Amino acid sequence: VWGSDRYTADSSVCGAALHAGAIPPTGGIVSLTTAPGCGRFNGSSRNGITTRRWGSYNRTFYFGPQAPACQ
């Protein structure tokens, strides 16, 4: 998983959903939204998942009603 709040489109959806708190560790159903890319992605540790930083990527996804700002 690459990014925090907005994730690169090739990131694991399940891992990103756990990181974002969109599902509990037992799993579940999520809705995600795709968006244009960002110039960089910061990594972080949340909910038992550590994501990695990455440079520019052309597509992203996020969970929730509003797109988080690019980092």
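## Cysteines and exposure

Cys-70 is partly exposed, because its relative accessible area is 40%. Buried means under 20%, exposed means over 50%, and partly exposed lies in between (1.4 Å probe, protein chains only). Cys-38 is buried, at 5% relative accessibility. Cys-14 is exposed, at 55%.

This is a predicted model: local features need pLDDT of at least 70, side-chain atom pairs count only at pLDDT 80 or more, and totals for chains, interfaces and linings use all residues. Residues are numbered from 1 along each chain as its sequence is written, and side-chain values use heavy atoms, leaving out hydrogens and water.

## The disulfide

The whole structure holds one disulfide (a pair of cysteine sulfur atoms within 2.5 Å). Cys-38 and Cys-70 form this bond, with their sulfur atoms 2.1 Å apart. It links distant parts of the chain: Cys-38 sits in strand E3, and Cys-70 in the segment after E6, 32 residues apart. The torsion about the S-S bond is about -70°, so the disulfide is left-handed.

## The sheet

Four strands form an open, antiparallel sheet in the order E1-E2-E6-E3. Strands (E, at least two residues) and helices (H or I, at least four) are DSSP runs, numbered from the N terminus. Two strands pair if DSSP finds at least two bridges between them.

The edge strands are E1 (3–4) and E3 (33–38), each pairing on one side only. E1 pairs with E2 (residues 6–8) over two bridges. Here Gly-3 stands opposite Tyr-7 in E2.
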